Amino acid sequence: MSKKKYKILIVASSFYDDVTSKMIKSAEDELKKNNCSFKVFQVQGSLEIPTLISIKLKKEKYDGALALGCIIKGQTNHNEVIASTITSCLLNISITNLKPVGNAVLSCINLKQAIARTKGSKNRAAEAVNAIISVLKNV
């Protein structure tokens with residue numbers, strides 16, 4: 001458990017709501033367990049997540065941010081392009097703002113694979129929360 005109370009921004013895509021709603025709940029549970037406060041915002045798609053995180057970190061006081069979303073492979077490799085772009089943007093936001101930004105935007109082959117990553121030891125939202133906290137503890 002962290003001793004300092006950190007304030008974390010959560011931005012989640014609502015596109016695959018059945019997946020992201022589970023991820024939001026997992027992130028909230030993990031943040032509560034670590035004595036963190038948080039605020040959740042939703043955007044339509046995963047590509048909009050970095051933009052809102054960037055705006056909120058510039059305008060409001062947060063210790064870190066968490067990106068939650070789900071991208072499912074379609075007929076082309078468009079999912080790989082979107083996931084790579086999001087990852088690059090989130091890392092840039094983190095470095096520019098000197099704040100940890102956890103990336104739990106899933107890039108999966110199918111919905112079954114995405115749902116599996118919202119549970120148990122493969123819970124990407126909880127893993128990303130713990131990654132954020134591990135950085136904050138060292139600052």
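Strand E4 (residues 101–108) is mostly covered, since six of its eight residues are buried, where buried stands for under 20% relative accessible area with a 1.4 Å probe and protein chains only. The model is predicted, with local features needing pLDDT of at least 70 and side-chain atom pairs counting only at pLDDT 80 or more, while totals for chains, interfaces and linings use all residues. Residues are numbered from 1 along each chain as its sequence is written, and side-chain values use heavy atoms, leaving out hydrogens and water.

Strands (E, at least two residues) and helices (H or I, at least four) are DSSP runs numbered from the N terminus. Strand E1 (residues 7–13) is also mostly covered, with six of its seven residues buried. The table lists the strand pairings, for which DSSP must find at least two bridges.

| Strands | Sense | Bridges |
|---|---|---|
| E3 (residues 64–72) and E4 | parallel | eight bridges |
| E1 and E2 (residues 37–43) | parallel | seven bridges |
| E1 and E3 | parallel | five bridges |

Ala67 stands opposite Asn103 in E4, Leu9 faces Lys39 in E2, and Ile8 has Gly64 of E3 as its bridge partner.

The axes of helix H2 (residues 49–59) and helix H3 (residues 78–97), which are lines fitted to C-alpha atoms over the stretch in contact, with angles from 0 to 180 degrees between N-to-C directions, come within 10 Å and cross at roughly 10°. H2 is therefore roughly parallel to H3, a term for angles under 35 degrees. Their contact, meaning heavy atoms within 4.5 Å, involves residues including Ile53 and Leu57 of H2 and Ile86 and Leu90 of H3.

Notes. Parallel < 35°, antiparallel > 145°, perpendicular 65-115°, else oblique. Buried < 20%, exposed > 50% of the residue type's maximum accessible area, 1.4 Å probe, protein only.
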